[in-house]
Structure formats: C-alpha cells, structure tokens
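Hi,

Here's the structure I said I'd pass along.

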Amino acid sequence: IRQARQSIKQVIVLGAPVAWVLTSAAAYYVAGLSFPVAVTFGALLIVTGPTVIMPLLKNAHLKERPASILKWEGIINDPVGAVLAILCYEYFKLNTLENVELTGFFTSTILAIVMIAFFAIVLAYVISWLFEHDVIPEYLKPAFLLSSVLIYFVICNSIEHDFGLIGVTILGVALANMGMSAIEELKKFKETISIMLVSGVFIMITAKIDPAILFNIDWRGFAFIGLVMFAIRPLTIFASSIGTKMSWQEIVLTGWIAPRGIVCAAVAGVLGPYLVMIGYEDGAQLLPLAFAIVLFTVFAHGLSAKPLGKRLGLAYTGKDSLIIVGASAWALQFAETLKSRDVEVMISDKNLLNVLHQQ
C-alpha cells in the first residue's frame, strides 16, 4: 500500500461511489433495467475480482505503483461491492413492504459492520499470539488458520446475511500486518487452496448457465457492457486521480484494466432470482449480463495488460539477468562477456572496496 497510498485511497473512497452512480445510470438508461435492479447491479459492478487481478499482475510484470493500485482496489472493493449490492436488495425488499422502519435497517447494518470489524481485529491478534508463542505446532498452522477463517465467516453471516466476506477480508488485512514469522508459509498455503476453491466455484457456476442466455442479450445490453469497459471505468479512474501523483500513463493503464471475477458472477447468480421473487422481473437479466461482463473483461484485459504496460513504460522488460556474488577479476571478465551478449549483470560483494577496485 505504501507504493501508492493516496491513489489507492482515492480509488476506493472516491472511485467506488463514482463507479456506482455511473454504472447504475447506464444500467437504467441504456440497458433498460428498472431502477432497483439498476442500482443493485451498479453496486455489484464496483468489484474488480482479485482472483483475476492477481494472476494478471504476475503475468504482466507491472511496476509497483500501478500493480499496487489494481491489487488493493480488487481486494478491498470485492467485499464492499458485494455487500453493497446485498444491502441494496435488502433495502428495496423492505421498501416493498408496508410500515417498515428503514432508518433502523441502516443503523443495524452500520453497527453490524463495526462489530464484525472489531472482532476480526481481535481474532487476528489472538491468532498472531498463538502462532508467535508456538501454542499451535508448525504443521498445524495452515489448518488452524483455515478453520478459524471458515468459523468466523459463518459467524459473520449469522449476524448479517453475506457479511462473512467483510469479516474475513478485515481479518486477512489485520493478520498480514501483524508481522508474524510464519506469514510467508501461510500465504503459500492460501494461494494453493484459493486456486483450487476458486476453480471449483467457477466450474459450478458455469455448469448452471445455459450458453443460450448469452445470445439473449440485446443491443442495449451490449451497449451497456461497452460503456462499462470503455467509458465508465476510465472516467472513474480519472476522477480518482485528481489530487494524486498518478502519471497519465498510470491513469490510462488502470483506467483500462478492471476485470470482474468470481464474486461478480456468484452474487449476480444469487441476487437475480431474489429480485424476481420480490417483483422485479428484469432481475433475471443480472446473471447473463454479469457473466458477459466477466467474460469480456477477463479476455480483453488479460490479453492486453502486458503489451499495454510495456507500451506505456509501466511493465518490466523481463529480460534474463544474473547476479554474481564476489567481485573477483574472473567475475568481472565473466560479467563483461555476458553483457556483450545482452545479458544484464550485477556484481555483489560484501566489501565495497573490492567492487570499486574492479571498476
């Protein structure tokens, strides 16, 4: 986060509301969705899936600032967008009922988020203490952490529907900043299991989708998708960049890359039928539109991120390089030979005088 603290803050605090308003307006006026469905869908499309962003960043070899902006936008906005969409649904569901106090709904929601965040941080401290004092054996740490995450996820969901995503995200951010000695091993375990689980969820979701529904999207739906990719996203990043140190190259790159992932498709698959049940028939369009956006953005942004990053000077070249430890005469000659063959070489020695002498 230190690489682009102000930019990340702007993209999350300012960019998310801007994207919500613009996407909701496009869904209402262009896609032709009803107002409640459009607002709910606009909230959901705030997300840029970290499950897609992370592999994309690894492949594109982007430099630290743009990579950090894209990474943390995906991580933080993923639960924010999903929960915001669920809250929109809950609001419109209550709005259809008579004699319902909506002020109490908002108050209880804020209190639930504060309580979940507080206990997530407390749990992170407890896990960190147990790990650092070797209360948990080394070989059981990954299993203990996974169990703790699942239990806390279920507890948060019992407090408020689908708030588990917020709880475990805050828990993860807190744990990563505890300075635990075992954090690197836990991250490796997390990456392995997340690949397995996310792959499984994608298979389950797509197995339920009839490919024919993608062909039922009319021209208004495709116009909406085009606006999301080519107009709303660049405008969102441009608005978020005001007052930051983002270069025009970083604005162009981050204004293009915004692939949606598993959360967008999964939540749309849940909320679509729910909206139909409370009387909004066009809620059935949420899943095909969401799936089409996931499909188009993953392909377009995944294939273009690396070449666009190189063209803008925001990606590392990826050339082979070598570091030679020990500044001997032979090492210097070897380095010169490699450099003559266009291989980048760095010579390292614990004694600065050796390096200076060879130069």
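This is a predicted model: local features need pLDDT of at least 70, side-chain atom pairs count only at pLDDT 80 or more; totals for chains, interfaces and linings use all residues.

**Helix α1 and its partners**

Helix α1 covers residues 5–29 and helix α2 covers residues 35–44; their axes come within 8 Å and cross at roughly 140 degrees. Angles over 145 degrees would count as roughly antiparallel, so this pair is classed as oblique instead. The crossing of α1 and α2 is right-handed. On the α1 side, the contact is made by W20, T23, S24, A27 and Y28, while α2 brings in F35, A38, V39, G42 and A43. Sorted by class, that contact has seven nonpolar and three polar residues, with no charged ones.

Helix α1 also packs against helix α10, which runs over residues 219–241. Here the axes come within 9 Å and cross at roughly 155 degrees, and that makes α1 roughly antiparallel to α10. This crossing, too, is right-handed. If you want to highlight the contact in your viewer, select Q10, V11, L14, G15, V18, A19, L22, T23, A26, A27 and Y29 in α1, and R220, F224, L227, V228, I232, L235, T236, I237, A239 and S240 in α10. By class, the contact of α1 with α10 comes to 15 nonpolar, five polar and one charged residues. T23 and A27 turn up in the α2 contact and again in the α10 contact.

C88 has 8% relative accessibility, so it counts as buried. Looking from the other end, C264 is in no disulfide either, with the sulfur of C88 as its nearest cysteine sulfur at 14 Å. C264 is buried as well, its relative accessible area being 0%.

**Loop residues worth a click**

Two residues have a positive phi without being glycine. One is H61, with a phi of about 55 degrees. You'll find H61 in the loop between α3 (50–60) and α4 (64–95), and with a relative accessible area of 39% it is partly exposed. The other is D134, whose phi is near 55 degrees. D134 sits in the loop between α5 (102–132) and α6 (141–159). Is D134 buried or exposed? Exposed, at a relative accessible area of 57%.

Then there's G326, in the loop between β1 (321–325) and α14 (329–340). At 21% relative accessibility, G326 counts as partly exposed; the cut-off for buried is under 20%. G326 and S348 are 22 residues apart in sequence, yet their C-alpha atoms are 5.9 Å apart in space. Leaving out residues up to four places away in sequence, G326 touches A331, I347, S348 and D349.

Cheers

Notes. Residues are numbered from 1 along each chain as its sequence is written. Side-chain values use heavy atoms; hydrogens and water are left out. Axes are lines fitted to C-alpha atoms, for helices over the stretch in contact, and angles run from 0 to 180 degrees between N-to-C directions. Helices (H or I, at least four residues) and strands (E, at least two) are DSSP runs, numbered from the N terminus. Angles under 35 degrees count as roughly parallel, over 145 as roughly antiparallel, 65 to 115 as roughly perpendicular and the rest as oblique. A crossing is left-handed if the near helix is turned anticlockwise from the far one by less than a right angle, and right-handed if clockwise. Contact means heavy atoms within 4.5 Å. Ala, Val, Leu, Ile, Met, Phe, Trp, Tyr, Cys and Pro count as nonpolar, Asp, Glu, Lys and Arg as charged, and the others, Gly among them, as polar. Buried means under 20% relative accessible area, exposed over 50%, partly exposed in between (1.4 Å probe, protein chains only). A disulfide is a pair of cysteine sulfur atoms within 2.5 Å.
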